[in-house]
Amino acid sequence: MSYEICVFEPGYAADRDTAYAAWNDQKYWDTSLPDGDRTAKKWNVKDLLVAFDSRLRWTEPKAPKTGLVAKWLGKPALVQRCLHIYLEADYGETAIDLFDQAIEITLPWESPRNEAEKQVRALWRYLEYLSASGWSTIYDTERDVLLDLKTDFETVTARYLKNLDPDDKETGAEPSVAAPKPASAGGRKRDKPFTGNVD
């Protein structure tokens with residue numbers, strides 16, 4: 001498993017309850033401007049983060065397909081509303097999805113255990129920078145609390161290490177169905193887990 005943090009400006013979500021509701025409802029998926037609109041706030045945040053850490057990479061938005069083939073297929077143009085930037089590693093990436101009112105940060109799904117603290121340290125640097133830039137409501141989705149950057153580093157590292165353990169390691173149970181991919185890999189999070197192709 002991974003570890004996800006969701007960051008908000010205080011005006012959008014100021015406390016744990018509003019941060020949880022904002023993350024759970026994910027209205028910022030619909031209210032953010034299309035990713036190709038360079039006047040959107042997320043573009044400023046992208047520029048700030050990439051200037052802060054030159055190792056960060058990002059994906060240039062692609063214009064929605066609106067040609068004749070799209071019309072023949074009868075599919076409306078898919079509008080992407082977040083910018084995707086990431087810190088790459090040999091075993092995965094720390095994904096940062098920028099919306100206009102929220103920032104979702106997901107640690108690598110398959111990090112070696114001896115690299116976990118390094119990943120959390122990089123996360124902390126981004127969170128401290130974002131907090132100093134006004135994005136000071138930091139919601140820890142794993143523990144359902146507002147993150148305290150001064151005291152929670154070891155707790156988050158320990159929880160991330162636990163999440164990296166296979167689900168069946170301690171119980172000896174059969175391997176579980178793979179968890180759904182992170183939102184950045186293909187749209188909104190699923191409301192229900194995938195149960196396989198069964199009747």
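Read along the sequence, the protein follows the pattern β-α-α-α-β-α-β-β-β-α-β-β-α, which amounts to six helices and seven strands, where helices (H or I, at least four residues) and strands (E, at least two) are DSSP runs numbered from the N terminus. The model is a predicted one, in which local features need pLDDT of at least 70 and side-chain atom pairs count only at pLDDT 80 or more, while totals for chains, interfaces and linings use all residues. Residues are numbered from 1 along each chain as its sequence is written, and side-chain values use heavy atoms, with hydrogens and water left out.

Of the 199 residues, 37% count as buried, a word that stands for under 20% relative accessible area with a 1.4 Å probe and protein chains only. His-84, which lies in strand β3 (residues 83-89), is counted as buried because its relative accessibility is 17%. The side chain of His-84 also forms a polar contact of 2.7 Å with the side chain of Asp-97; such a contact is a pair of N or O atoms within 3.5 Å, of which, within protein, one must be able to donate a hydrogen and the other to accept it, and residues adjacent in sequence count only if both atoms are side-chain atoms.

Helices α5 and α6 pack with their axes 10 Å apart and at an angle of about 130°, the axes being lines fitted to C-alpha atoms over the stretch in contact and the angles running from 0 to 180 degrees between N-to-C directions. The table lists residues in contact (heavy atoms within 4.5 Å).

| Helix | Range | Contact residues |
|---|---|---|
| α5 | residues 116-132 | Ala-116, Glu-117, Gln-119, Val-120, Arg-121 and Trp-124 |
| α6 | residues 153-164 | Phe-153, Val-156, Thr-157, Tyr-160, Leu-161 and Leu-164 |

Technical notes. Buried < 20%, exposed > 50% of the residue type's maximum accessible area, 1.4 Å probe, protein only.
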